[in-house]
Amino acid sequence: MKPALEVGHYIQPEIFEQEQARLFGRLWIFACLRTAIAAENAFATRRIGGRLVLIQNSGGRIRAFENSCPHRLMPLQTAAFGQARMVCPYHGWVFDSMGKVKSIPKEQSLYAFSQEERDALCLREYAVETLGELVFVNLGENPISITEQFAPSLIERLEAISSHFSDVAVHTEIPVRYNWKLNFENVLDHQHVPYVHPRTFLPLMRSVSEDKARESEPSQYPTPSDLLIDQSWASTSPIKIEPWPWHAQVDRYGPEGTYHNHFLFPNVNFISVDGLVFLIQQFEPVSASETRVIFTLCAARSRVRMPALPAILRGHLKGEVEVLMEDVHYLESLQAALHAHSPAVHHGQYEHRLVGFGQAYLRWMEAVKPC
Amino acid sequence: MLNADPRVLCLIGCGSVYEALIDDLFAYGLDPTKVLSHRFDRVADIAAQAELLLAQWSPQRHELFVAVDANALNHARLELYGRARLLGFRMQTLVHSSSIVGPRGKLADNVWIGPGAVIGPSCQIASNTLIGAGVRLDADVRIAAHGWIGPGTRIGRHARLGSHAVLGADVVLQEYTELGRHVLLEQSGPWHGVLDSGTFWEARARSEACMIGPGYTFERKAQS
Amino acid sequence: MPIAAYRCEDWFSREQQQLFSRLWQFAAPRMLLSTPNAFVRRRIGLLDVVVQNIGGKIIAFENVCAHRQSPIQTEPQGVRALVCPYHAWRYGAQGEVLNIPAQDTCYKFSSTERSQLGLRTFKVFEFGQLVFINTQAEPLNFYEQFDADAVQSLRQASEIFDDEVLVTRFECQFNWKLAYENLRDSLHPQFVHSRTVYKQVKFEARIDEAELSKAYSYHRTGANTTSEHLRWLRSFSGGGPNEPMVKMPRYQWHDYVQRYGNDDWYLNWLMYPNLHIASGSAGYSFIIEHHVPVSARRTDLWVYYVTGRKKRKYPTSAAVLMAHLRGAEKVLAEDIAIMEKVQQNLSPDRSITTGAFEYSNSAIERWYLDTMEGHHAI
């Protein structure tokens, strides 16, 4: 099968800029977990579509603002996560919970804004949607409805599974030297697991019976779909992991022995190992050849106090990072070798999802928003 | 100085600290005839077997030392120590004869100081913290409970380490360094300043990992 | 030669296209490819190239899997089957795909699609123990680029290279051409290497008046025909005994290895564009220097050290090669330091004046500029 994308999409700076505006500027992009900002004035900051975004829990609601003071564009917060009222550190401007300027030190004597100017002073606000514990932001002026990007059945699933999240999580951002799409394509492609992860991931899948494994490949693959709604989907597969005592103390999601996998266009992969551990992987574009892989990992909510929870989360994160670094080894090597005349890609039928991803991507890269 | 107490010491655990103790009881001032030992085969067995094991001893006649290594998924160390304290057992403090503990130092229960360690004056080491071989603590270092300090690590004066600190081997903390709770440092540093609770720097990581949520990036609401 | 030729990335790309992709280039010494599945991976300009022994045959290919463009070999050299590590596609000696795991269950390529899958392979030419490649589909004949007689001695010398090879790489911050202008200048050793190699070999700048005037005339007017153009190209390669050694050092290991030739002379060969082979031990051991252009201002110098073929195994053979490297590093460091300074000082408002003793560089300059401008397509 011919690929939808060309090598230029993975190496050209102009393509990167276009993606920032047309994809990341118009789609619903995962911003953070609600559990990470589940208190008044807790916040998270992100870089989305080339802009700095502040996600603030204010007045009981999750809101997203451009992290840029209307005075002289200073970011209100620079930490990735924290808890603080919305006050600009530069000149002390204070904002209310809706992002409007509430008070300015020495306002009359120093600034003397007209009433009209003053009324207009506020933070630029962006649309927010929360699916269970997953917070999404859309930078677009007239954003599409979130149900145009994620099917209602998928949304239900996300809400159900995330309701099991523990209140704390572990978070890390790993800089890698390849285009973000290479990693998304990598997670969409299960065939690489036996070769790239023979000792880490493969044994978990292999411990399931051979029959069950063979059943999972269909005799006929569907033709790729370029529709936005088809690019985000969920699947489950059998898995067997070693039982630990803490498993009995938590509220597992779903039936035992299940690996849950969700793909959220354009750049999120969200998995759960046996409904006990949850990992959100997001591939944040930094440049045409650089990406930040953002991992947020939590456990299932516990019925009792778990003083060792940080150690447990850290241990799982270490394992997931190990698996990622096996991919990173090859993907960085691949990116370094790409050039304008690289040999062509040839997809097998099983890679129909990658082709669909590319097709949908191309539609959204056009200037006019696809309907 | 031999253990003059008529109570028997029960040394329980598994891993490198357990083996180091078993091999060298004399150096800790212990009389092997007054030491009972139980080695778990695997860390995973500890949780399952702890209750049964502790039931066969009594706090009146037995003292304990829990020797379990710091290990990513190992919260067994906490559980075993916690269980034993709840049952009223007294936990010993074991200091290797080749190590030097400076004046006005305070070592709490279930603390291990390995061979060749140098603990400066006025240091405070809280319960269930294990200090490896050749570790050097400068003056007035305070390490909270349940810590693990790997061999060869050096901690500068006036440093403060929160509970559940895990420092790998040959890590260097400069003077006045402050670590919150649950901080893990496997990279050698040198480290300085303040490291927030829940910060992890794995050995070969390209970047840090952090705990997020209540008690870490925002204050935990008081329980009603 | 315009300064841009040493500094500008656009020029570098064009140079790769006009020159390197059309010429036969050194890839690796054959001794590193002697066992089945032995391979060498090198970056040649913009291409990631692997040269590998597949069932006794030496093949060269672009190190990009036909599936999803993953590099197939990730190490700089080694012994490993021609199997892509990403999805285990296996390739054969023609670069054809031999096996795709799960082809029937997952990939389902039709037989037409399947027949189109393969690696981009390059032509290979083995010369003594030296492996050359050419990335053009229809390359020029090897002997149009190199005169067989002129490099005869190199062929014979390389045939006695031993299998034990020391490999190392220096990352240099200068344009590859500076290295070759330096190697073709026999005046600099008395100044730059006065404390090292010049003590053993008194390099002299000799000017052959007839050659000089031919070179200057060519420099002014260029070639009239393609065959003249190629004749000049051939004249840039050759070598053999260069200068007599002042004092021939004798070592125990000399008795354990074969020797090329019998005279106590420093041996020196240049193969245009970027291969230099020399013997500072008068034929008992050899250094291979391959200056691989990485970008306009960066070059990777791959260095291989070998002795003549061992007559018998001896325990210190590796140490002998290490000692060679340590000695060579001093000399190389002297050259590299100077070339890096020259590179830094190159700026658009300066120009280079070549002296009479550097007449061979003048001829090369003319040839190079003509090729870059596309006269006399190769």
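The domain assignment of chain B gives domain 1 (8-91) and domain 2 (93-211), with bounds that come from an automatic or database domain assignment. The structure is a predicted model, in which local features need pLDDT of at least 70 and side-chain atom pairs count only at pLDDT 80 or more, whereas totals for chains, interfaces and linings use all residues. Residues are numbered from 1 along each chain as its sequence is written, and chains are lettered from A and ligands numbered from 1 in the order in which they are written.

In chain B, the C-alpha centres of domain 1 and domain 2 lie 22 Å apart. The contact between them takes 12 residues from domain 1 of chain B and 14 residues from domain 2 of chain B, two residues being in contact if their C-beta atoms, placed from the backbone, lie within 7 Å. On the side of domain 1 of chain B that touches domain 2 of chain B, at least two residues each are supplied by helix H1 (16-23), strand E3 (62-68) and helix H3 (76-86) of chain B; helices (H or I, at least four residues) and strands (E, at least two) are DSSP runs, numbered from the N terminus. That side of domain 1 of chain B has 12 nonpolar, no polar and no charged residues, where Ala, Val, Leu, Ile, Met, Phe, Trp, Tyr, Cys and Pro count as nonpolar, Asp, Glu, Lys and Arg as charged, and the others, Gly among them, as polar.

Chain B also holds an open sheet of five strands with parallel pairing, in the order E6-E9-E12-E15-E18. Strand E6 (100-101) and strand E18 (172-173) of chain B stand at the edges with a single partner strand each, so one side of each is left without a neighbour in the sheet. Strand E15 (residues 154-155) of chain B pairs with E18(B) in the parallel sense over two bridges, pairing being assigned if DSSP finds at least two bridges between two strands. Within E18(B), B:Leu173 is the bridge partner of B:Ile155.

Chain A comprises 12 helices and 15 strands. Its radius of gyration, taken over C-alpha atoms, is 22 Å, close to the 21 Å that the globule rule (2.2 Å times the number of residues to the power 0.38) gives for 371 residues, so chain A is as compact as a globular protein of that length. Of the 371 residues of chain A, 42% count as buried, a residue being buried if 20 or more other C-beta atoms lie within 10 Å of its own, exposed if 12 or fewer, and partly exposed in between, with C-beta atoms placed from the backbone. Helix H7 (residues 180-188) of chain A has seven of its nine residues buried, so it is largely enclosed by the rest of the structure. The buried residues of H7(A) are A:Trp180, A:Lys181, A:Leu182, A:Asn183, A:Phe184, A:Glu185 and A:Asn186, and what covers them includes strand E14 (277-287), strand E15 (290-299) and helix H11 (309-337) of chain A.

Chain A is itself divided into domain 1 (1-24 + 146-371) and domain 2 (28-143), whose C-alpha centres lie 29 Å apart. Here, 17 residues of domain 1 of chain A are in contact with 16 residues of domain 2 of chain A.
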